[in-house]
Amino acid sequence: MLTRIYLIFLILTFFLAGCVTTAREAWIDVLSKCASSEALNNVVYFGPSNKVGPGSVWRKSDDSLHLRWTLADIEPDEGKLKNLIQEGALTSCQGETSSEWKLKPSLAFESQATPISAELSADLNRAKSVTVSVDKWAMDLIKEGPFEKWIKSNKDYSDDLKQQDRLVLEKAVRVIGFSTILDFSESDAIALKGKYSQPTLNFGSLGVGMNAEWKSSTKLELKSNNAFYIAGEFSKINQSSGDVCFGIKSTGMKFLKNVAVPVNIKISNEIR
């Protein structure tokens with residue numbers, strides 16, 4: 001019978017057997033309980049978002065990535081956007097596991113690309129423990145043909161892609177059925193209930209919306225409203241002949257697959 005994965009983990013500020021865990025490592029640890037983590041070896045973590053996904057454009061500086069465009073920035077039609085992305089095969093999370101890890105909760109919900117407010121971050125970090133559950137995940141990717149056609153009809157987007165330091169997110173990890181239980185002390189729970197009594201909690205303009213419900217006097221459950229992306233792999237578009245396309249052109253230039261981007265590169269919210 002299909003059951004959810006349960007994991008308790010702590011990120012960055014706590015030590016486990018002498019190791020410091022990053023948000024990227026914690027997410028991969030959760031997803032690897034569902035299937036082999038080999039497909040996740042080269043992904044760059046940018047934080048949970050239902051707006052930043054395959055097709056988003058980034059600028060790479062010497063030591064960081066800067067988000068330039070999401071597809072929704074210039075294509076508001078969700079139906080058209082869906083036609084540009086090939087959803088990957090779903091990996092179901094079976095079995096049950098637990099860990100002695102704990103979590104600094106805010107780090108699992110944000111990065112510099114998807115920041116949340118300082119107040120919300122501080123409140124989340126008051127939790128004594130965090131239990132995380134994931135139903136499924138998949139690796140989605142761009143449909144090259146439809147994407148090329150779409151690029152040619154969106155001049156602002158295509159002109160930006162032609163810059164030498166631009167990268168496109170070619171594939172991204174989509175998480176389905178995420179939920180978490182945050183356990184607070186009695187005093188913290190009393191203080192927080194008045195602030196988080198609404199059914200929906202939004203994690204920033206590019207982040208993820210969560211349904212919030214107090215399950216007991218001290219336990220707050222957060223459930224994702226929709227699937228969201230957390231990480232992905234980048235590629236560079238072929239710019240030969242002034243055109244933007246994938247693959248090999250008559251000039252012999254190739255679409256540079258799997259551009260070498262350090263998995264722990266800094267993600268910046270500075271756009272320029």
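Colleague: How many nonpolar, polar and charged residues are in the lining of the largest cavity?

Modeller: Please note that this model is predicted. The lining of the largest cavity holds 9 nonpolar residues, no polar ones and 1 charged one. Its members are Arg24, Trp27, Ile28, Leu31, Leu40, Val43, Tyr45, Val173, Ile230 and Ala231. Arg24 is the charged member, because Arg is classed as charged.

Colleague: How much space lies in the largest pocket?

Modeller: The largest pocket holds about 690 Å³ of space. Its lining consists of 21 residues, and Asn50, Glu78, Leu81, Ile85 and Tyr229 lie nearest the centre.

Colleague: Which classes and elements make up the lining of the pocket?

Modeller: By class, there are 10 nonpolar, 4 polar and 7 charged residues in the lining of the largest pocket. Both α2 (78–82) and β12 (228–235) supply at least two residues each. The largest share comes from α2, with 3 residues.

Colleague: Let us turn to the rings. What describes a pair of aromatic rings?

Modeller: Two values are used: the distance of the centres and the angle of the planes. In this model the count comes to 9 aromatic pairs. One of them joins Trp27 and Phe178, with 5.3 Å from centre to centre and 40° between the planes, and is tilted.

Colleague: Which parts of the chain does the pair of Trp27 and Phe178 tie together?

Modeller: Trp27 belongs to helix α1 (residues 23–32) and Phe178 to strand β8 (residues 166–183), so the pair links parts that are 151 residues apart in sequence. Trp27 and Phe178 are both buried. Ring pairs also link Trp27, Phe178 and Phe228 into a cluster.

Colleague: How is the pair of Phe184 and Trp214 described?

Modeller: Phe184 and Trp214 form a tilted pair, 6.0 Å centre to centre with 50° between the planes. Phe184 lies in the loop between β8 and α7 (186–193), and Trp214 in strand β10 (residues 209–214), so this pair ties together parts 30 residues apart in sequence.

Colleague: Why does Phe184 count as buried?

Modeller: Phe184 counts as buried because its relative accessibility is 2%, and the cut-off is under 20%.

Colleague: What sits over the ring of Trp214?

Modeller: The charged end of Lys193 sits over that ring, 5.5 Å from the ring centre.

Technical notes:
Residues are numbered from 1 along each chain as its sequence is written. This is a predicted model: local features need pLDDT of at least 70, side-chain atom pairs count only at pLDDT 80 or more; totals for chains, interfaces and linings use all residues. Side-chain values use heavy atoms; hydrogens and water are left out. On a 1 Å grid over the protein atoms alone, a cavity is a set of points where a 1.4 Å probe fits but cannot get out, and a pocket is an open set with protein on both sides within 12 Å along at least five of seven lines; lining residues have an atom within 4 Å of a point. Grid points are joined across faces, edges and corners, and a volume is the space filled by probe spheres set on the points. Helices (H or I, at least four residues) and strands (E, at least two) are DSSP runs, numbered from the N terminus. Rings of Phe, Tyr and Trp (its six-membered ring) pair if their centres lie within 6.5 Å; planes under 30 degrees apart count as stacked, over 60 as edge-to-face and the rest as tilted. Buried means under 20% relative accessible area, exposed over 50%, partly exposed in between (1.4 Å probe, protein chains only). A charge sits over a ring if NZ of Lys or CZ of Arg is within 6 Å of the ring centre and within 35 degrees of the ring normal.
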